[in-house]
Amino acid sequence: MSTHLHNQLHNPSLLAVRDLCVEFATRKGPVTAVRAVNLQVAKGETLGIVGESGSGKSVTSYAVMRILDRAGRIVSGGIEFGGMQLHGADEATMSDLRGREISMIFQNPRAALNPIRPVGKQIEDVLIRHAQATHDQAKAKAIEALEKVRIRDAAKRYHAYPFELSGGMCQRVVIAIALACRPQLLIADEPTTGLDVTTQKAVMELVRELTRSEGMSTLLITHDLGLAGEYCDRIVVMEKGEVVEQQDTKGLFTAPAHPYTRRLIRSTPHSAATIRDLLPDDLRTPLPPAVAVSEEPLLEVKDLVKVFEAPSSFIQRLRGRRESGYRAVDGISFSIARGESVGLVGESGCGKSTTSAMVMRLLDSSSGSIRFKGHELTAVSAAQFARTPQRRELQMVFQDPHESLNPRATAAQSIADPLRRLEGMTDGAAIRARVEELAAQVGLPLELLDRLPHQLSGGQKARVGIARAISTKPELLILDEPTAALDVSVQAVVLNLLADLKAQSGMSYLFVSHDLEVVRLLCDRVIVMRAGSIVEEGPTAQVLSNPQAEYTRELLSAIPRPAHLPGHGAQAALVVGAGAA
Amino acid sequence: MGHLSIILARVLQAAPTLFGIVVVTFLLTRALPGDPAAYFAGASATPESIAEIRAQLGTDQPLPVQFVRYLKDLAGGNLGQSVSTGQPVADELLRRLPASLELTLSALLLSVSIAIPLGVLAAVRQDSWVDQLCRFVVTAGVSLPTFFTGLLLVYVFYFLLGWAPAPLGRLDMLHITPPPVTGFLVIDSLIAREWSTAWSALKQLLLPSITLALFTLAPIARMTRAAMLQALASEYLRTARAAGLSSSRVLMVYAFRNALLPVVTTLGMVFSFTLGANVLVEKVFAWPGIGSFAIEALVVSDYAAVQGFVLSMAVLFVLLNLVIDTLYTLIDPRVRIEG
């Protein structure tokens, strides 16, 4: 340990990665995932690595931990940690270091925990492994670690399994495991992706507080420039396996040197005044004229309720007992006018997806009414709804562009599916012509039409999903987080496509999202939901600039918003943004 | 919900299944071609004597009447008389069931103790020689039918080498069957301190067990390998590695315990099909088991025996599923909630 400290005095950087190259063996030969990466993390510093999918940011961190999977290999370069050469260290040395000197927290915390081991035991495993506790004290120390990450009732939670905890709680447990042995470096790989904004804020602030109090260094890997901007001292931008820019946070936002950084900053919705601002200059066309919103309501939802019955056990049924159900949607009412686009916002579990599924008639409501163009939709069961003429006029774009496409159907077949089933088209040539027309409309190159989903990129798959949804010329399109799984630059293009399509056809949108920034750019009106009820509703500009409900204020303040972002920031841009969308 | 109430619920859920099996076996045995009365009356029987036997058997009554009588007997624990052996079916089954169970259990014990380590090693050292060996064993195990491996083993170890005893049942003629306690000869003779009897019974058991084990090895090894591979690629395993846990702990506590669930499911399936389907092994080794008894009964339309066999198998399967469900709740905490 003393040589350790000695080294640090002479070498201020705790971690130094030099000319790192990582290759993956694939069937088509080796693929270079990381090319000549250089970066340093100083003691006590928080460094962010920002990049889109495939940029090699996670691979770099796995290489530092030496936990690349079987196919991955460090080809050249050096990794120095506290004076030790990690790239050549043997597995025994690495396994001693991991968890004790360098720890890691991951994306998707629930999957990152052993599903069948109590969380307290999982913390104990680490403590005992690194001789931080004997078997007798392990339990007390594990509970202490849980208390440190602010888990209430830690002694009770010690026995909990991951499936009994919320996503945010699971991430706290993962952090407790990572920090149990007070490592010098914490690597956080997309630690809050998939968590709600308020949970994200709580988790990030916890990480910041704990690492600062212990003087730890942090390496934050994220796709979210806003998050990195708020929590990092310095930011490294990676693209396609290479570092393109490396600056202190303020400098990066105020004077980005590399064009890719500029493009990334631009695609981040925080700073955009209008939806067109997200696009690079060469793609920017004038905004489409705003669609006239008519007075006549297209969709009217009244006192809509969905109760999920608790699964009662066999014995309970024998005794004639039933538990009262869970009210996922608890009597909500709203309407959407023709040509209007309405954002439905809330955190996971608030009932927004259940609401959209009921409006879409994928799910039967428990009570209440859904009137669409004067027809009562709840009169027909969800199972029968595909046979009614309203099916064509009510379509949906799903959240995951990959999972929502049939993996065995080509893009053209997916787009043609509603044409055959709902429009009753049978003539192959006519269908092909219509599919090509739709592809042109969503900007999907015609030569991609005969590809299967896995041969398309995320953005291309999103376009297929949108083309399929608009193929029957629906009047109401339900968009369920259509860009949540996409990189920001792709999200920018897809959002603009959606705005253009709306301007061309006069469709109405019900835009379900957790991202208030995106809603700001695309929607006329916004509905904020919490625990099955509507807490606030109104014109987007008004709700976001002058929120009335405490919960809306909480949501808005939880959005990471680096002080250095150029221009407006969400609040200032509101009036312009809503007017344009 | 506690363990006990889950188990109670499972037992209650099995009741309709068992009743359904009673109805179906009753109807199916009646639908079989052939008249047992004609068969037992012999070739030179007159219509009168056949009718007499039919009245004795009760098969001259309408089906509902026969069924009610059958149910009444069942309620009293009476499975009826086997017409071919003249013994009560319940006695026959109780005598033969332990023989089948002894064979199946020892075969499963053998195959589990080979297949699970093999599958685990094959997954951990993917594409190494262990993995290749696993692949070979799995392919050979599925593709070689039991009567072939059985005969091959008898030919090599009895006929050529003379190491194994003659494949003639559970015990050679020189030894006396020990007083039954468990019904398993090896264990019973150990209890009775008849060491040479135990050794002889064990030698008799060895070849048929290996035959059956070779066959059951394949699905278990295969499932273990697949489940381990899945667990090894999981995110929680990456967390465990990133926390520096020792490789033995990562492997046993984090990977293997998670991989156990599908393995236990496979074990249950393998156990059920070997218990009923080891007729071929029983035939090759003249093993007085339940499978060969059922086949003989079926050939002569021995209604009571066939019904008794199917019913006892059904009860066994229900018990087996109960054991597996209980194991589930012990391995996976998530199952307890779903109940």
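**Exercise 1.** Determine how the lining of the second largest pocket divides by class.

*Solution.* Step 1: the classes put Ala, Val, Leu, Ile, Met, Phe, Trp, Tyr, Cys and Pro under nonpolar, Asp, Glu, Lys and Arg under charged, and the others, Gly among them, under polar. Step 2: the lining then has 17 nonpolar, six polar and eleven charged residues. Step 3: of the 34 lining residues, A:Leu68, A:Asp69, A:Arg70, B:Leu232 and B:Arg241 lie nearest the pocket centre. A pocket here is an open set of points on a 1 Å grid over the protein atoms alone, where a 1.4 Å probe fits, with protein on both sides within 12 Å along at least five of seven lines; lining residues have an atom within 4 Å of a point.

This is a predicted model: local features need pLDDT of at least 70, side-chain atom pairs count only at pLDDT 80 or more, and totals for chains, interfaces and linings use all residues. Residues are numbered from 1 along each chain as its sequence is written, chains are lettered from A and ligands numbered from 1 in the order in which they are written, and side-chain values use heavy atoms, with hydrogens and water left out.

**Exercise 2.** Describe how α8(A) and α9(A) pack.

*Solution.* Step 1: helices are DSSP runs (H or I, at least four residues), numbered from the N terminus; the two here are residues 167–179 and 197–214 of chain A. Step 2: their axes lie 10 Å apart at an angle of about 15 degrees, where axes are lines fitted to C-alpha atoms over the stretch in contact and angles run from 0 to 180 degrees between N-to-C directions. Step 3: α8(A) and α9(A) are therefore roughly parallel (under 35 degrees; over 145 is roughly antiparallel, 65 to 115 roughly perpendicular, the rest oblique). Step 4: contact means heavy atoms within 4.5 Å, and A:Gly168, A:Gln171, A:Arg172, A:Ile175 and A:Leu179 in α8(A) meet residues of α9(A) including A:Thr199 and A:Leu210. Seven nonpolar, three polar and one charged residues make up this contact.

**Exercise 3.** Work out the relation of α6(B) to α9(B).

*Solution.* Step 1: the helix α6(B), residues 129–143, packs against α9(B) at about 135 degrees, with axes 7 Å apart. Step 2: α6(B) is therefore oblique to α9(B). Step 3: the contact includes B:Cys134 and B:Val138 of α6(B) and B:Phe215 and B:Arg222 of α9(B). Its residues divide into nine nonpolar, one polar and four charged.
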